[in-house]
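Grab the structure and work through them one step at a time.

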Amino acid sequence: MKQQFEQFLVRVALNSIGLFVASLFLKGVTYQDQWYVLVIAALILSIINALIKPLVVILALPAMVITLGIFSIVINGLMVYLAHLIYQPFQVSSFGSAILAGLVVGLVNYIVTRLFDAFAPEEQ
């Protein structure tokens with residue numbers, strides 16, 4: 001249980017970094033220049049990804065198969081847009097911006113996870 005909580009906190013931190021990077025590159029993503037807005041938005045996004053995203057992925061499985069997985073980018077954007085709807089201080093101007101922000105968050109998560117894996121000591 002403790003390990004799962006630690007992994008969740010790492011995901012919140014990675015989502016915070018990803019949303020920050022997305023706000024740097026995309027004009028349509030703003031957080032009122034308050035760090036706590038990013039942290040709360042990342043917490044909400046992490047909860048959405050843990051609870052709602054698996055159900056959406058199952059429902060969207062036919063679209064995922066037809067597009068060979070590319071539809072997952074749209075699902076990530078939908079999760080970012082849903083976080084915007086739940087937490088208004090975190091602003092996303094359009095669904096297109098949400099899709100791009102989801103792509104940026106996913107890339108940041110991927111890169112940081114790979115860096116951690118590369119420098120982590122091997123378990124035996």
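**Exercise 1.** Find how many aromatic pairs there are, with rings of Phe, Tyr and Trp (its six-membered ring) pairing if their centres lie within 6.5 Å.

Solution. The count comes to 3 aromatic pairs. Take Trp35 and Tyr36: the ring centres are 6.4 Å apart and the planes sit at 85°, so this pair is edge-to-face (under 30 degrees is stacked, over 60 edge-to-face, the rest tilted). Trp35 counts as exposed at 64% relative accessibility, while Tyr36, at 40%, is partly exposed (buried is under 20%, exposed over 50%, partly exposed in between; 1.4 Å probe, protein chains only).

Next come Tyr81 and Phe95, also edge-to-face, with 6.0 Å centre to centre and 85° between planes. This pair links distant parts of the chain, 14 residues apart: Tyr81 is in helix H5 (residues 71–86) and Phe95 in helix H6. Helices are DSSP runs (H or I, at least four residues), numbered from the N terminus.

The model is predicted, so local features need pLDDT of at least 70, side-chain atom pairs count only at 80 or more, and totals for chains, interfaces and linings use all residues. Residues are numbered from 1 along each chain as its sequence is written, and side-chain values use heavy atoms, leaving out hydrogens and water.

**Exercise 2.** Work out where Leu100 sits, and whether Leu100 is buried or partly exposed.

Solution. Start with the element: Leu100 belongs to helix H6. Then check the cover: with a relative accessible area of 43%, Leu100 is partly exposed.

Terms used: Helices (H or I, at least four residues) and strands (E, at least two) are DSSP runs, numbered from the N terminus.
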